[in-house]
Amino acid sequence: MEQPDPTIHQPVRLKIMAALKPLPAGEALEFVRLKAVVGATEGNLGAHITTLEQAGYVGVEKDFVGKRPRTRVSMTPQGRRAFDAYVGYLQDIIGAAG
Amino acid sequence: MSLSSQEASASLQQVEEASRRSSQLYFYHCSSPHLIMWGIIWIIGYGGTGLFPRYGWWLWLGLIVIGSVGGIVLGHRYKRDGYASSPYAWRMGALWAIILFFVFGTYAILPPHLDKQFCAFPALITGCAYMAIGLWRGLRYVISGMVVATLTLVGYYFIEPIFFWFAAVGGGAMILTGLWFRTA
């Protein structure tokens, strides 16, 4: 069986990708909502998002709503393919065992 | 680096849970402005009908048009704010169209005999629709629907004047629901 993608093969990053997957293509999730879904601290979440961004799996946009800064994270097409492949890898393991 | 089937199964469960939660929050976020807008429309509609009962039908006709156009405008505004699309926006608009079609279709087949029947029916249907949506989309919708439906029945049986009750309770509940969804 092939090896899993090391970038996604980490619990917090897997949750980040899972949270972004159901959004329509190009749609972004605000950092605060992502934090609520993943259940990580801000610093930890930020570090993992950076790792995913460097791998080209997510895009990060920063802007202001009024005077309030807003960070939004979206999944790139490359990230979508990588996540689907990773989920396929997990399903293969379960299928092989069953 | 390979995983056991138990670990793989646990990871997939985490994936499903995170996806479900994210999808739920996104839906709340998309539906919030529509609920606030329709809450305002309800206040104007029921309040106006209470003040000027002869013009109730015309008032509601105008408000439905405004609500439909407003739904489209909100969808575009959502896009303008940097979101790629608003896939649930048109569904929310379509949901309202279905509810209104059902309500007016029912009025045509079974005309209401009392003002309070005219008033309570759309509110009751709306509450039930919220509860039904909540079965798939989250507890907040179920709670909001139960509140609207229960207050509708309370108003129908115990409150006079009924139009102002529905303006305050129906419209107010929708606005509060929209604000509550914003915090999700």
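Predicted model: local features only at pLDDT ≥ 70, side-chain atom pairs only at ≥ 80, totals over all residues.
User: Which residue forms a salt bridge with A:Lys21?

Analyst: A:Asp84 does, with the closest N and O atoms 3.5 Å apart. A:Lys21 sits in the loop between α1 and β1 of chain A and A:Asp84 in helix α4 of chain A, so the pair ties together parts 63 residues apart in sequence.

User: Which elements does chain A have, from the N terminus on?

Analyst: Helices (H or I, at least four residues) and strands (E, at least two) are DSSP runs, numbered from the N terminus. Chain A has four helices and three strands, in the order α-β-α-α-β-β-α. Its C-alpha trace spans about 55 × 25 × 20 Å along the principal axes.

User: How should I read the sheet, and in what order do the three strands of chain A stand?

Analyst: Strands of a sheet pair through backbone hydrogen bonds, either parallel or antiparallel. Here two strands pair if DSSP finds at least two bridges between them. In chain A the three strands form an open sheet in the order β1-β3-β2, with antiparallel pairing. β1 and β2 of chain A are at the edges, each with a single partner strand, so one side of each has no neighbour in the sheet. From one strand to the next, the twist averages 30°.

User: How many bridges join β2 to β3 in chain A?

Analyst: Eight bridges join β2(A), residues 58-65, to β3(A). In β3(A), A:Val73 is the bridge partner of A:Val60, A:Ser74 that of A:Gly59, and A:Pro69 that of A:Phe64. On the other pairing, β1(A) and β3(A) share three bridges, and A:Ala28 stands opposite A:Ser74.

User: Where do the helices lie on this sheet?

Analyst: For the angles, axes are lines fitted to C-alpha atoms, for helices over the stretch in contact, and angles run from 0 to 180 degrees between N-to-C directions. Contact means heavy atoms within 4.5 Å. α1(A) lies across β1, β2 and β3 of chain A at about 90° to β3(A), and α3(A), residues 42-54, lies across β2 and β3 at about 125° to β2(A).

User: What is there to check in the backbone geometry?

Analyst: Most residues other than glycine have a negative phi, and most peptide bonds are trans. In the hairpin of β2(A) and β3(A), which has two residues between the strands, A:Gly66 takes a positive phi near 65°. In chain B, a cis peptide bond joins B:Glu160 and B:Pro161, with omega about -5°. B:Pro161 is in the loop between α5 (139-158) and α6 (162-182) of chain B.

User: How many residues does each chain give to the contact?

Analyst: Chain A gives 30 residues and chain B gives 28 residues. Buried area is the accessible area (1.4 Å probe) that two parts lose on being put together, summed over both; here it is about 2400 Å², 66% of it on carbon and sulfur atoms. A:Glu27, A:Arg33 and A:Val37 lose the most area in chain A, together 23% of what that side buries.

User: Which element gives the most to the side of chain A that touches chain B?

Analyst: That is α4(A), with nine residues.

Methods
Residues numbered from 1 in each chain as written. Chains lettered and ligands numbered in written order. Heavy atoms only, no water. Salt bridge = Lys/Arg side-chain N within 4 Å of Asp/Glu carboxyl O.
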